[in-house]
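Please examine the sequence and the structure before reading each solution.

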Amino acid sequence: MTYPNTLIFVDFPSSDPEATAEFYEAVFGWEVEPRPAGVFHRIVPGQNFQLDDGTQSPTGNLHMGIHNAANARPHPDPDGVEPRHLATDGRAARVWILVSEDDSMDRILGEADKRGGEVLWRDHYWAEFNGFNSAFKDPWGNTFILWNKGGDDPQIPEGWTNE
């Protein structure tokens, strides 16, 4: 093998893709396209990855999706297969979101909480990857870790936990 297998897409399970689309639009500012409505919705965050100097690279931000847990498409059987419910117990995949410089963890957490999300933690610093972070779980059980880069000389604010 001369080139690695490449992650191309991630989609989130939901019992209500339309409500999930509205949640992500409000919380993250993402554009969400029904394709088709209620079955699958494509998340198009917009713009491109940034270069070190803050300009946009030619590489577009990754697209994601929302699928209906009752009948996750695509699948060879048009009626879908079991399970048809959300996984609500135990660990699941976590999604890491780099917070834009013109947004804030506090705004995102507040919007998520207001719309039925659960704040898991706030104000933590992880030295291993030099990042400030907070996290929430959306109403469908998907976990999002919000991330800000620590920079060359990270100053951990008073009251923050760290490891």
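**Exercise 1.** Determine which residues are linked in a network of salt bridges.

*Solution.* The model under study is predicted. In this model, a network of salt bridges links E111, K114 and R115. One of its pairs is K114 with E111, whose closest N and O atoms are 3.4 Å apart. Next, locate the two partners: K114 and E111 both belong to helix α2 and stand three residues apart, about one turn of the helix.

**Exercise 2.** Classify K114 and E111 as buried or exposed.

*Solution.* Buried means under 20% relative accessible area, and exposed means over 50%. The relative accessible area of K114 is 60%, so K114 is exposed. For E111 the value is 13%, so E111 is buried.

**Exercise 3.** Identify the parts of the chain that the pair of R122 and D106 ties together.

*Solution.* First, the side chains of R122 and D106 form a salt bridge, with an N to O distance of 3.5 Å. Second, R122 is in strand β8 (residues 118-126), whereas D106 is in helix α2 (residues 105-114); the pair therefore ties together parts 16 residues apart in sequence. Finally, R122 has a relative accessible area of 39% and is partly exposed.

**Exercise 4.** Describe the salt bridge between R42 and E33.

*Solution.* The side chains of R42 and E33 meet at 2.7 Å, N to O. R42, at 23% relative accessibility, counts as partly exposed. E33, at 21%, also counts as partly exposed. The structure holds six salt bridges, this pair among them.

Notes
Residues are numbered from 1 along each chain as its sequence is written. This is a predicted model: local features need pLDDT of at least 70, side-chain atom pairs count only at pLDDT 80 or more; totals for chains, interfaces and linings use all residues. Side-chain values use heavy atoms; hydrogens and water are left out. A salt bridge is a side-chain nitrogen of Lys or Arg within 4 Å of a carboxyl oxygen of Asp or Glu. Buried means under 20% relative accessible area, exposed over 50%, partly exposed in between (1.4 Å probe, protein chains only). Helices (H or I, at least four residues) and strands (E, at least two) are DSSP runs, numbered from the N terminus.
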